[in-house]
Every structure is written in C-alpha cells, then in structure tokens.
Number of protein chains: 2
Amino acid sequence: MARARPLGTGVSRGAVSELTASRLSLYLRCLSELEGEGATHVSSSNLARRFDLNAAQIRKDLAIFGEFGVRGVGYEVGTLKRHLQSILGLDQTRKVAIIGAGHLGQALADSGGFASGGFRIAALFDDDPQKIGSRTRGGLVVQDVRRLREVVAREGIEIGVITVPAPAAQEVAQRCASAGLRALLNFAPARLTVPAEVRVKNVDLKEHLETLCFYMPRA
Amino acid sequence: MARARPLGTGVSRGAVSELTASRLSLYLRCLSELEGEGATHVSSSNLARRFDLNAAQIRKDLAIFGEFGVRGVGYEVGTLKRHLQSILGLDQTRKVAIIGAGHLGQALADSGGFASGGFRIAALFDDDPQKIGSRTRGGLVVQDVRRLREVVAREGIEIGVITVPAPAAQEVAQRCASAGLRALLNFAPARLTVPAEVRVKNVDLKEHLETLCFYMPRA
C-alpha cells in the first residue's frame, strides 16, 4: 500500500522547485497513458524506459511526498495517479480567467484540453469594445476587463491566464493581482513584476521548438 | 576557456533525453536574461539559486557536451550561451510550417516570440476553402494544405507545427511525414503514429496550469 506522507508535514510546497512540480505533472500524464492501456503496476525503471525519463529522478521526486512503491513490485498505477493528482492539487476544480481575447486567448478558451482535469475556464476578458459582448466559438462571452475584480470574486476564480500583447501584460498582471488572483500563467513575452504573494509562470512556446530542434540534423 | 567536445564525438544526440534537451533550452533562457543584466560570469550554484534549478543537475547536463566551466570562477555567460545555442542547433535558422489556421495557428504564426531565435514561420496551411488565400494579421497567406509537399521542398521547411483539431491530427501528421518534415510539434490532444524517422513532440498546454496549481492553497 502507498503510505503517503500527509501534505504539509515536513514538505514545504514552496521549497519544491518548479522543475520538480512540472515533472510530477509529466509523471501524471505517463500514468494516465499506462492506465488507458490497462497497466496496473509499473516500476520506476519501466516508467523511465517507456517515457524517456530517469528512474532515480522519479524515485527521488516521489520520495519527497511519501513512500508510494513496493520494492520488486513497483507502483500501483491507479493509486499513484490519484496521489499525484492530490499532490498537484488537481483533485479539486480550479476556475480560470483568461485575459486577452485575441487568437491565443480564444484558442485556449475553446480548447477542451486546456480546460480539463481540474480546470474550468470561467471567464474571458478584453478591453476592446468591439470584442466585449461577443462570444467565442465555444460560447464563452467576452467580458469587459474592468469587471475582472467583480467577476473573480463572484465566481471564485483563482488563476489568471494572460494572453494580451507584451506591452499590455504588466498592467494586466497588476489588475489580476488587485482582483485577488494569486496564480498567473503568462503567455506574453514580457517579464512581469507582481506582489510577493502572486506566483507567475511564464510560458515560452518557443522552448518546445528548441527541444525538438536539438534532435535535428545539422547543416 | 571552454573546451567543448566536438558534437557527435562520444555524444549520440538520440541518447540524450528530451528532458535534458528541454533543460538546455531553459539554461539558455536563463543565460540570456543574465546577459541582459550585464553579468559576465555565473557559477552553477548561483544559476541554480537565481532560477530555482539544481546545481548538480546543471553541471551534469553540461558535462555531457564538454567542459565549460572553470573551477572557482564558473561559466563565462556569453561563451556558454553560444555553446548552448550550438548544442541545441539554434545557430542556424530553421523554417517552420504551421498546419491549421484556426485561432492557435494564427496566434503562433503572428507571435514574434514563437518565430525568433533560430526559427522562421515560412508557411501556414489549412484545408478550409474559406481560409485559403486569406492573410493573418501579420500578413502570412494561408495556403492550401494539398500544396504542403511542394512548398516544403521549395522553401526548405524542416519543422511542422500541427494546430488542427484532434480528429484531423493523424492525417495531417502523415501528410507532414510524406512531405519530408522530420520534426513535428503537435498541439492537438491526440497521439500521433508516424514513421520512425519523424520525431514528434506533443505539447500539452495544461501542464503549465498543473505546475502552477501545485503551489496554490488547498481547499
């Protein structure tokens, strides 16, 4: 049986690096795939071989949160998956607001993949009077960004996704912080300055191209 | 001085994991930021502290490719940055085709951030007669996907970015493979089957939300 250390006991979330957190999210996706194939158990070395990961790293990352594996047997796929969901905080639904109803904002708002597994896009905002009141293809209404604070409070929104052009990103981040959002996912190519209690994760879509590029032949 | 091991000597690119490649891309972004601040040298431990990374991991990752640091002095920022660009293959421009001119495809086509630092969006394709011939805001013409092979050959395009809906992704991937593209970045929530010589990287935008979620308070 998995003996999960109660969260918060001996584990300070803030002391865990963002790279570790992103690996936990990766392990979760691997386990979902194995589960879909009907696998019930997996060892760290099989997991590593199958998904091009590092077995020692997997064991080390999971050991931060408890003892999940059984020597010689490995991990029970469904149980470890649920533990990871709980560790990542995905066992509750988080509401998300997208600020910036341009192409990227609309793509994310209507993407079933982005709003699944613990996330729900609760609102989409813009400051363009031409866009306010219109609907995305998926039916989400574009709201006036000046109503952000009110909507965040009423809907219990926790995460802001910033998809405005770079020059507008800092102002939007400040608006999000004053509206009470404590987690921001920033797609704008701009470094944001926010109060200490707000966590920002910058997304650089080019990094995926760079990783891919590594494996390509050189001229 | 950095003594870079000549690429290919003792290092098989295929043997380096995708996670290592993505960390190299991350180090490159950190170095660019330090360079922008005027830093000339940085140690692995300072790099780790500043960007929430692991110092031993940094040293191990870089050691695969040569000896870049000087004990007690650290890495020379500009030199290491250039070495990483070369290791990642970013010292030459790669042409990219985007297949799928929906919101996400148009967002990527017009995003200066996506098409910078070694990448150029050379063409955008769709199969919708309503879209073919139209232009993105940035001025890129949407071309008929049936002309993919011809345009790839003429323009020397190497990378395909798949931004079509999930049900269409497998057919598009096959089309990309037969057009000669050997690297595919797949944004569609679908597992693609491609010939062995084609490398696919699946992008799951939700993983960024998950990593962020880890640090949020629990209900």
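Predicted model: local features only at pLDDT ≥ 70, side-chain atom pairs only at ≥ 80, totals over all residues.
Q: Start with the interface. How many residues of chain B are in contact with chain A?
A: On the chain B side 67 residues are in contact, and they meet 67 residues of chain A.

Q: And how much area do the two chains bury between them?
A: About 6,200 Å², with 65% of it on carbon and sulfur atoms.

Q: Which three residues of chain B supply more of its buried area than any other three?
A: B:His103, B:Phe214 and B:Tyr215. Together they supply 13% of the area that chain B buries against chain A.

Q: How many salt bridges and polar pairs are found across that interface?
A: Eight salt bridges cross between chain B and chain A. For polar contacts, the count is nine residue pairs, both partners being at pLDDT 80 or more.

Q: Which element gives the largest share of the chain B side?
A: Helix 1 of chain B, with eleven residues on the side that touches chain A.

Q: How do the residues on that side divide by type?
A: There are 34 nonpolar, 15 polar and 18 charged residues on the side of chain B that touches chain A.

Q: Back to the salt bridges. What does B:Asp204 pair with?
A: B:Asp204 forms a salt bridge with A:Arg29, and the closest N and O atoms are 3.8 Å apart. The pair crosses between chains: B:Asp204 is in the loop between strand 10 (199-202) and helix 8 (206-213) of chain B, while A:Arg29 sits in helix 1 (residues 18-36) of chain A.

Q: Are those two buried or partly exposed?
A: B:Asp204 counts as partly exposed at 22% relative accessibility. A:Arg29 also has 22% and counts as partly exposed.

Q: What else does A:Arg29 meet in a salt bridge?
A: The side chain of B:Glu210, at 3.5 Å from N to O.

Q: How many salt bridges are there over all chains?
A: The search of the whole structure finds 32.

Q: Give me one inside chain B. Where are B:Glu37 and B:Arg50?
A: These two form a salt bridge with their closest N and O atoms 2.8 Å apart. The pair links distant parts of the chain, 13 residues apart: B:Glu37 lies in the loop between helix 1 (18-36) and strand 2 (41-42), and B:Arg50 in helix 2 (residues 44-51) of chain B. B:Glu37 is partly exposed at 47% relative accessibility, and B:Arg50 is partly exposed at 40%.

Q: Which residues of chain A are linked in a network?
A: A:Lys95, A:Arg147, A:Glu150, A:Arg154 and A:Glu155 are linked by salt bridges.

Q: Now helix 7 of chain B. Where in it are B:Glu171 and B:Arg175?
A: Both lie in that helix (residues 166-178), four residues apart, about one turn. B:Arg175 counts as partly exposed at 28% relative accessibility.

Q: Which residues of helix 7 of chain B are buried?
A: B:Ala169, B:Val172, B:Ala173, B:Cys176 and B:Ala177. What covers them includes strand 5 (94-99), helix 6 (148-155), strand 8 (159-162) and strand 9 (183-186) of chain B.

Q: What comes just after that helix?
A: B:Gly180, which takes a positive phi of about 100°.

Q: Last topic, cysteines. How many disulfides are there?
A: Zero, over all chains. A:Cys176 is in none, and the nearest cysteine sulfur, that of B:Cys213, is 17 Å away.

Q: What about B:Cys213?
A: B:Cys213 is in no disulfide either, and the nearest cysteine sulfur is that of A:Cys176, 17 Å away.

Q: Are they buried or exposed?
A: A:Cys176 is buried, with a relative accessible area of 0%. B:Cys213 is buried, also at 0%.

Technical notes. Residues numbered from 1 in each chain as written. Chains lettered and ligands numbered in written order. Heavy atoms only, no water. Disulfide = S-S within 2.5 Å. Buried < 20%, exposed > 50% of the residue type's maximum accessible area, 1.4 Å probe, protein only. Salt bridge = Lys/Arg side-chain N within 4 Å of Asp/Glu carboxyl O. Helix = DSSP H or I, 4+ residues; strand = E, 2+ residues; numbered from the N terminus. Contact = heavy atoms within 4.5 Å. Buried area = accessible area lost by both parts, 1.4 Å probe. Polar contact = N/O pair within 3.5 Å; in protein donor to acceptor, adjacent residues only side chain to side chain. Nonpolar A, V, L, I, M, F, W, Y, C, P; charged D, E, K, R; others polar.
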